[in-house]
Amino acid sequence: MTAADAGKIRNVQVSGTDLELNEWGSGAPLLFLHPGFPLGRFDPAEPVLKALAKSFRVLAPTHPGFGRADAPDWMTSIDDLSYFYLDLLDALALENVVLAGASFGGWIAAEMAVKSTARLSRLVLANPVGVKFGDRETRDFVDVYSIFDKEIAELGYADAKIGTPDLAAASEDMLFHIARSREATARYGWSPYWHNPKLKTRLHRIDIPTLVLWGEADRITRAGYGKSYADTIPGAKFVSVKGAGHYPHRETPDLFAEAVTAFAAEKTRELA
Amino acid sequence: MKVFQFTEQPYPEAWDKHEGSLRVNLPNRLLDPAHAADLFHRYYDEWQLADELGLEIMINEHHQTATCMSATCVVTLAVLSRITKRARLLVLGYPIANRPDPLRIAEELSTIDVISRGRLEMGFVKGVPQEVAVANMNPVFQNQRFWEVHDFIIKAMTSHDAPFNWESENFHYRHVNIWPRPYQQPHPPVWSTTGSKATAEKLGGLGYTMATLGTGYGTRPIYDAYRKGYMEKGRGAPPPDRFAYLGFVAVGHTEAEARRLGEMVLAYPRTSGIVHPPFRNPPGFLSVGDNVRILKGEGKPRSYTKDGRTVNMAKGSVQDLIDAGVLFCGTPDQVYDQITDFIGHCGGMGNLLMMGHAGGMSHEDTVANLTLFSKEVLPRLKEFRQPAPEEAVAAE
């Protein structure tokens with residue numbers, strides 16, 4: 001990663017907790033919440049951030065526990081993370097924020113939006129998790145901790161190669177981040193597995209224009225899951241993304257950025 | 001010195017029918033309940049024999065596995081507390097961080113202690129990683145939960161005058177007041193297991209009995225870490241009864257007979273690792289540093305022989321595992337020499353946890369193994385003069 005590839009990484013303190021925050025570009029603020037990774041890591045030099053930075057001031061934090069910064073002991077749930085990021089918006093006094101989250105990050109974003117949209121203008125959820133639609137004997141998500149890494153890559157990506165870290169060539173630093181990501185994803189999402197049983201009945205509270213982007217090759221989530229998610233949020237748009245699986249921001253970063261930019265530019269009444 | 005007879009209560013008839021996993025996801029249609037009943041009764045009979053022979057008893061639990069049908073240690077303890085007369089009843093261990101209800105644990109163990117008239121030894125363990133997939137408790141917080149449950153059980157067993165309150169992130173009770181309270185005062189002795197020096201030092205500080213498994217001639221540094229933690233609390237050197245070691249034991253009238261039994265008892269280390277690989281390393285169970293080493297393809301530590309050779313417990317020969325101090329095998333004289341040599345390496349070790357049955361070993365072979373050991377080896381071990389605790393500390 002060179003300085004030109006990455007944004008400006010700084011450490012900020014939010015509610016007494018250290019946060020690694022990566023900033024790119026200028027313009028309307030966009031908070032990008034990365035997925036949890038059972039395999040691989042969030043890279044502050046993800047191409048999607050550069051693509052989004054053409055239109056936005058992108059703020060892309062590394063969730064506490066995922067990078068070098070530890071999560072405080074009390075921070076154990078997505079509920080905690082959602083309040084933490086609402087505190088971040090307050091601390092930075094941001095207004096009219098486009099909130100975009102992928103997978104696990106989409107879950108955090110949805111949990112934020114049901115609590116308060118006061119500082120938000122648009123919500124974009126890319127292959128979000130966090131809601132249970134299946135009955136008690138039907139999992140909505142593959143148990144990634146019970147399958148081989150190779151299977152996670154095959155189920156999670158349209159092109160498994162993109163999702164397969166080259167461990168043999170990886171630096172010690174990269175291996176550290178992969179191990180941390182795997183652990184942190186479980187910290188927040190082990191049980192109930194990748195969902196909050198209460199979230200489904202709270203999604204009706206989301207009162208800002210919402211886009212559910214769906215990488216259609218996603219086989220980590222159950223078929224029809226994304227459509228159910230969009231149907232539960234008042235007025236939400238559902239757009240499927242070809243050539244991407246569970247992580248469209250990573251497999252099709254330009255398409256992802258274009259969809260977010262176009263959605264943010266739409267007038268509110270066009271969305272109604 | 002005490003010697004505890006241990007078996008995992010296996011169902012060996014399913015061992016050759018797995019597709020890469022004997023645990024968690026092995027279909028239970030492979031178990032014939034009528035045969036399982038025969039096996040349970042047989043294992044209880046063998047523990048009754050151990051009781052009569054002057055041995056102590058160790059039991060454990062694992063979940064969803066053909067390697068160990070004891071899915072709840074409480075059932076085995078309940079049966080044994082009634083049908084045995086004198087043996088100490090050691091559970092090693094009870095995976096307390098995997099249970100959602102620690103009040104129930106305190107109640108169960110107190111009841112067992114009362115029924116057995118104070119013969120319970122409480123071994124609390126974190127459990128093997130694959131148990132996490134069954135219990136579904138978050139492995140990231142396993143260690144933190146373990147110590148909280150430990151604190152809760154001790155408080156529940158030692159509070160006698162009024163109900164107390166316990167409201168933490170993990171557990172919520174408003175009126176804790178267990179009936180019956182334990183027979184032994186202030187509570188049954190606590191044991192735990194570890195392979196790590198940091199945990200050994202902590203257990204030493206608490207003064208609990210510490211057991212290791214498979215550490216062979218690499219055991220000493222772990223014991224020394226315990227000694228350090230023990231003495232830092234202002235105590236003298238820890239006596240040998242603070243240390244326990246799980247070894248496989250096969251005794252025969254001839255070396256050839258012992259080695260035949262040795263092959264059978266090694267069925268345990270040769271099968272216990274057969275589990276669907278993703279279940280072996282749940283996230284957060286091991287440290288980030290350990291996981292980085294695994295990502296780099298670096299293997300787990302092996303057992304060590306006296307001369308520093310590494311031995312793989314799952315693959316080593318009878319001779320390899322004798323050399324490593326993992327298997328004590330031979331005629332009574334040979335086994336006595338092997339065990340006492342190993343005690344010397346440890347600087348004192350007062351509790352041998354003897355796996356004297358494993359796998360498909362027959363009832364007759366098990367009876368012969370236990371009987372010969374108890375008649376020819378055990379009396380001499382009871383007479384054996386352990387190294388003085390102070391000598392072990394001076395040798396560090």
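This is a predicted model: local features need pLDDT of at least 70, side-chain atom pairs count only at pLDDT 80 or more; totals for chains, interfaces and linings use all residues.
Two strands count as paired if DSSP finds at least two bridges between them. In chain B, strand E9 (residues 243–251) and strand E12 (residues 327–330) run parallel and are joined by four bridges. Across that pairing, B:Val249 stands opposite B:Phe328 of E12(B).

**Strand E12 of chain B**

- B:Phe328 points to one side of strand E12 together with B:Gly330.
- B:Leu327 and B:Cys329 point the other way, and all four of these residues are buried.

**The contact between chain A and chain B**

- Chain A brings 18 residues to the contact, and chain B brings 22 residues.
- About 1900 Å² is buried between chain A and chain B, and carbon and sulfur atoms give 65% of that area.
- Three residues, A:Arg182, A:Glu183 and A:Trp190, supply 32% of the area that chain A buries against chain B, more than any other three residues.
- Nine residue pairs are in polar contact between chain A and chain B, counting pairs with both residues at pLDDT 80 or more.
- On the side of chain A that touches chain B, 10 residues are nonpolar, three are polar and five are charged.
- The count of salt bridges between the two chains is one.
- B:Lys296 and A:Glu172 form a salt bridge, with their closest N and O atoms 2.8 Å apart.

- B:His276 sits in the loop between helix H9 (267–271) and helix H10 (288–295) of chain B.
- Its relative accessibility is 17%, so B:His276 counts as buried, the cut-off being under 20%.
- A polar atom of the B:His276 side chain lies 2.8 Å from the backbone oxygen of A:Ser146.
- Beyond its neighbours within four places in sequence, B:His276 is in contact with A:Ser146, A:Ile147 and A:Phe148 from chain A, and with B:Gly20, B:Ser21 and B:Asn25 from chain B.

- A:Asp70 belongs to the loop between strand E4 (56–62) and helix H2 (78–91) of chain A.
- With a relative accessible area of 52%, A:Asp70 is exposed, because the cut-off for that class is over 50%.
- A:Asp70 and A:Arg180 are 110 residues apart in sequence, yet their C-alpha atoms are 9.7 Å apart in space.
- The side chains of A:Asp70 and A:Arg180 are joined by a polar contact of 3.1 Å.
- Leaving out neighbours within four places in sequence, A:Asp70 is in contact with A:Pro64, A:Gly65 and A:Arg180.

Methods
Residues are numbered from 1 along each chain as its sequence is written. Chains are lettered from A and ligands numbered from 1 in the order in which they are written. Side-chain values use heavy atoms; hydrogens and water are left out. Contact means heavy atoms within 4.5 Å. Buried area is the accessible area (1.4 Å probe) that two parts lose on being put together, summed over both. A salt bridge is a side-chain nitrogen of Lys or Arg within 4 Å of a carboxyl oxygen of Asp or Glu. A polar contact is a pair of N or O atoms within 3.5 Å; within protein, one must be able to donate a hydrogen and the other to accept it, and residues adjacent in sequence count only if both atoms are side-chain atoms. Ala, Val, Leu, Ile, Met, Phe, Trp, Tyr, Cys and Pro count as nonpolar, Asp, Glu, Lys and Arg as charged, and the others, Gly among them, as polar. Buried means under 20% relative accessible area, exposed over 50%, partly exposed in between (1.4 Å probe, protein chains only). Helices (H or I, at least four residues) and strands (E, at least two) are DSSP runs, numbered from the N terminus.
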